[in-house]
Structure formats: C-alpha cells, structure tokens
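I opened this entry to look up the charged side-chain pairs. What I wanted was where they sit and how they connect.

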Amino acid sequence: MKERIASVDIFRGLTIVLMILVNTPGTWSNVYAPFLHAKWHGYTPTDLVFPFFLFIVGTSIVFAYKNKIKSAGTYRKITIRSLKLIGLGLFLGAFTISFPFFKDFVDIRFPGVLQRIGIVFFFAAILFLNFNWKVLIGICVGLLVGYWIWMAFIPLNGLETTFDRAPNNWANYADLKVFGTHMYKEDYDPEGLLSTLPSIATSLLGIFTGVLILSKRAKKEVWMLGLGFGMLLLGYLWHTVFPINKALWSSSFVLVTAGWANIVLAVIYYITDIKKIQFGSIFKYVGANAITLYFLSSFISKIMYSIKVDEDTSLHGWVFNTIYTHDFMSLELSSLLYGLSVVSFYVLLAYAMYKKKIFIKV
C-alpha cells in the first residue's frame, strides 16, 4: 500500500483551489492586486500558484515511483500520463462551442498549463527513475545556471540580450519563431519553449523535498524550513542579475517559489503529520482529483464566456452582473465573491467524489 503523507495531499489540493480562484474572477477589470500576476519582473501571491503545483508534482513522483522498476511498462505509463495531460491542454486550447467545435489550426495556442505539467512530469519522473538525488542536484543546477547563461550572455542576432519584453529576449524570440501566432501574447508565452527547462528544475526541487520526507532524518520540518529560507536567500541574490520573472520562469523565480513551497509545506507537515492535528481535510478531497477539477473548471469557464446572452454579454458576465454586483460593495469585492463561489462549487464536488470513492486518474 502506498504511504500517504497528509500534508502533501493537502498542499496539492490547496494549490488547485488557488489555481481555480485566480483563474475565475467575476471580471478581469476589477481584481484585487494579490490575485493578479506581476506585470513583468517581480511576483505576487498568484505567481506562486503554478510553480507550487509543479513543485508538488515532483514531491508526488517520489512517493509514486520510489519502488518502481525501470521497465518498459513503467516508462509506457509515464509517457501515457504525460500525453493525456498534454492532450487535455490542447483540447482546452482548441475547443469552441461553435460547430465544428474546434478552432481553426491558425487560432490554436499550443503551449498551456496542462501541457507544461505533462512535459515537466515526464522529464522529472524519468530523471527520478534513473538517477540518485546527488546526480539530480547536478542536473537541477545545470538547468538553472545553463538557462541563465543562455538568457543573459549569448548574443541574439548580434544584439546584447535582455530580460525585458523585447525582440532580443531569447525566450520571446524562440517562442515567436517556433509558435508564431500560436501564443498567449503577441511577443511571449508564459508557458513557452525555453522557460520549460527551468520549470523542470522546479519539479526536481520538489523531488528533493519528497526524498527528505521519506528519509529517516529527524526534524524533517526544520530541514524543510531551512531549505525554504536558503532557496529564498539564493533566489533574491540571483534576482540582482537575473530578475524574478514568472513569464520567463527565471532561475531566481524557480528558487524563490520553491523556497516558499518548502516553507508552506513544512508548516502543513508539522501540523498534520507531526502533531497529527486534523487540518485542511477539504483540500485533501480536492487533491484526490486535482487535474480533473482543474480541467473541469477551465472547461466550464470557457463555455460560460462563450455562450452569449445578448450581443454584448456572455453567460459569465450576465451571472456576475445579475447576482454579484451591488451598489453597496466594490467591484473588486464582487469579483472576488464570484471566484469564491466558483471555488466552493468545485470543493463540494471534490467532497462528493471523494465520499463516493470516485478518483479519476489522469
């Protein structure tokens, strides 16, 4: 029987809840600042959410594959799961409510959140199966330092490279050349090509924490806190030459977000796994069907925006304006309450699925 670590399940579920919350405000025009991404350099609480999920993907890989034999069957299962995640992401990007229900090829965005999760899971799982933690540390350092060298020191078309949104930014340049118009923005994609390399490092850092949790070392929560604060310090030092930036998934961003992930996980681990205090069970229910709930929330949200109540108003807009907007509260509060209502629906769905023992593996 697989060993269950309550804090890992709770952390995963909490992350999915936050992903749904920040993705479904009542209106994007009125959102409290902490629930928006940083405009470019720097980070907000919202910028922690996606790296937190990739981090816990790495931690979960340790529990799922610690006793797995390197065989064709194991590699096949890893590959199939990765392709499922990528396929779900491409489906979300291509789906439309108008017949024939899929966008024209030129309008499909190929990168995406689920696509990145699938790719990162694939490489992180393969690396974990084939190398010990010492070699993985070397690979992680190589990815972060190599990405920095590539982004900072290799000239682009004879120009000195930059970390700004500009033609001589390597990440922007590569995405535009490879994906063309199939991008989130005209000049960059937050789940772009080059930035996938350091996102693998995010998951590797989660693997190290998973190895620590399963070790016989005492005071694991203290070690996690130490790792967390150490990564924060290194990340902020690196920020002076390679700015913290989610869109670029900069090496400093990897360290800072993994630092916070270790700190948050350490606190939850101490409460639930050390002190055995019942805490956050509802998030455990969400974590049991994490990808399913995220996909469903994204799919339904897309439908809500696509269905038109009248020429200028979507079903999403109609619900928000009819139920949530009132003169006695700000639009920011109304927008947040809408998002919390959406989250509450999926939390209740997660609870019902858990109680009925419905676990959809992706």
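I took a salt bridge to be a side-chain nitrogen of Lys or Arg within 4 Å of a carboxyl oxygen of Asp or Glu. The model is predicted, so I kept local features only at pLDDT of at least 70 and side-chain atom pairs only at pLDDT 80 or more, while totals for chains, interfaces and linings use all residues. Residues are numbered from 1 along each chain as its sequence is written, and side-chain values use heavy atoms, with hydrogens and water left out.

Entry 1. I searched the whole structure and found four salt bridges.

Entry 2. I looked up D189 and R109, whose side chains form a salt bridge at 2.8 Å, N to O. D189 is in the loop between α6 (170–179) and α7 (196–214) and R109 in the loop between α3 (72–94) and α4 (113–130), so this pair ties together parts 80 residues apart in sequence. Helices here are DSSP runs of H or I, at least four residues, numbered from the N terminus.

Entry 3. I checked burial (buried is under 20% relative accessible area, exposed over 50%, partly exposed in between, with a 1.4 Å probe and protein chains only). D189 is buried at 1%, and R109 is partly exposed at 21%.

Entry 4. R109 also meets E191 in a salt bridge, 2.6 Å from N to O. E191 lies in the loop between α6 and α7, 82 residues from R109. I noted E191 as buried, at 8%. Shared partners join R109, D189, E191 and K246 into one network of salt bridges.

Entry 5. I turned to D9 and R12, a salt bridge with its closest N and O atoms 3.1 Å apart. Both residues lie in helix α1 (residues 6–23), three residues apart, about one turn of the helix. D9 and R12 are both buried.

Key
Helix = DSSP H or I, 4+ residues; strand = E, 2+ residues; numbered from the N terminus.
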